[in-house]
Amino acid sequence: MILVTGGAGFIGSNFILDWLAQSDEAVINLDKLTYAGNLQNLASLSGDSRYLFVQGDIGNQELVSRLLAQYQPRAVINLAAESHVDRSIYGPEAFIQANIVGTFRLLDAVRSYWLVLDESARSHFRFLHVSTDEVFGSLKTDEPAFTETHPYQPSSPYSASKASSDHLVNAYYKTYRLPTLLTNCSNNYGPYQFPEKLIPLMIANALAGKPLPVYGDGKQIRDWLYVSDHCSALRRVLEAGVPGETYNIGGWNEKPNIEIVHTICSLLQELIESSLSDDYRNLITHVTDRPGHDTRYAIDARKIERELNWKPHETFETGIRKTVQWYLDNQDWTASVQTGDYRQWIEKNYARNA
């Protein structure tokens, strides 16, 4: 059995679905169910004896300790995090509590559990912490991509909180020898992503005929990783990663944001028979850039390919087509998560930057 934290979120729910599609090993999903957590993502697992959901906070050390003692998982995969940069700019405290304090309490509960395991179980146990390339800060256009040894230079409260959590994970390995694994991934996209992130927001707004808000000139560059590829990389790291090591997970797909938006517009134009007579690109609206916006992220993922024989399966062209088609086929899902709170946040955030 494994314990996944944050399993009702975008990456977490994809990870659990992929895991149970390929393994009979049971999964406990511990999720606080904030605005971005959605049990509807996992509705297909209803009645599946291999899956158990527990609503709770990784910062609740008593709850975590109780779950560990009761179910005796062989691994913990920590995907629980506040992860939206814009929200961290206007409300950083939630990120400090979830990403720093929460990770500390989770680590401490896991360490206490690990120490009392028998020798065999202790040697095979793993704690996998899932982080982001944003901890490394911003690259210039001609700089080489981030390697695992790149210095941390976070720019936002979000990335600073994730950097702090990474340091805690590494400290628990070095000080206590807790068998940790750490991954830093690039921008994920795919099914079930909450529609305040770039790709699902552009799709949802385009379908509704609303403006497509693009920060600044839209030339900020990101490396894009299809979420199923990320899930396969996490499984591989859990299977063969060396405790104490960090692995970068990237898609080898560096693209500027404005190109992403243009690609989405073109795919919608192609895939919808009753599409707008005018190009969806006419909906693009440039808004004031957000504070501290990093210019470029790029992941050097050669270590995980060299040492663990993993590389992404999807190209950006195949992944983005699958993603757009999924949102077209699941518009009820998008409508169900666009609550009043979501609409108020979108309106407030982009009004600030208009």
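The model is a predicted one. Seven strands make up an open sheet with parallel pairing, and helix H8 (residues 227-240) packs on that sheet. The aromatic pairs come to a count of 15.

- The strands of the open sheet follow the order E3-E2-E1-E4-E5-E6-E10.
- Strand E6 (residues 180-185) and E10 run parallel and are joined by four bridges. Thr183 stands opposite Tyr247 in E10.
- Helix H8 touches strand E4 (75-78), strand E5 (126-132), E6 and E10. The direction of H8 makes about 145° with that of E5.

**Helix H7**

- Helix H7 (residues 198-207) is largely enclosed by the rest of the structure, because eight of its 10 residues are buried.
- The buried residues of H7 are Ile199, Pro200, Leu201, Met202, Ile203, Ala204, Asn205 and Ala206.
- After H7 comes Gly209, which has a positive phi, near 70°.

**Aromatic rings**

- The count of aromatic pairs is 15. In one of them, Phe15 and Trp19 have ring centres 5.7 Å apart and planes at 35°, so this pair is tilted.
- Phe15 and Trp19 are four residues apart in helix H1 (residues 10-22), and therefore about one helical turn separates them. Both Phe15 and Trp19 are buried.
- Trp326 and Trp333 form an edge-to-face pair, with 5.5 Å from centre to centre and 70° between the planes. Both Trp326 and Trp333 are buried.
- One aromatic cluster is formed by Tyr189, Trp224, Tyr226 and Phe316.

**Charges over rings**

- Arg222 places its charged end over the ring of Tyr297, 4.0 Å from the ring's centre.
- Lys303 lies over the face of Tyr247, at 4.9 Å from the ring centre. Tyr247 is also the residue of E10 that stands opposite Thr183.

**A residue in a loop**

- Ala43 belongs to the loop between strand E2 (27-31) and strand E3 (51-55).
- The relative accessible area of Ala43 is 47%, so this residue is partly exposed.
- Between Ala43 and Asp300 there are 36 Å in space, C-alpha to C-alpha, and the two are 257 residues apart in sequence.

Definitions and conventions:
Residues are numbered from 1 along each chain as its sequence is written. This is a predicted model: local features need pLDDT of at least 70, side-chain atom pairs count only at pLDDT 80 or more; totals for chains, interfaces and linings use all residues. Side-chain values use heavy atoms; hydrogens and water are left out. Rings of Phe, Tyr and Trp (its six-membered ring) pair if their centres lie within 6.5 Å; planes under 30 degrees apart count as stacked, over 60 as edge-to-face and the rest as tilted. Helices (H or I, at least four residues) and strands (E, at least two) are DSSP runs, numbered from the N terminus. Buried means under 20% relative accessible area, exposed over 50%, partly exposed in between (1.4 Å probe, protein chains only). A charge sits over a ring if NZ of Lys or CZ of Arg is within 6 Å of the ring centre and within 35 degrees of the ring normal. Two strands pair if DSSP finds at least two bridges between them. Contact means heavy atoms within 4.5 Å. Axes are lines fitted to C-alpha atoms, for helices over the stretch in contact, and angles run from 0 to 180 degrees between N-to-C directions.
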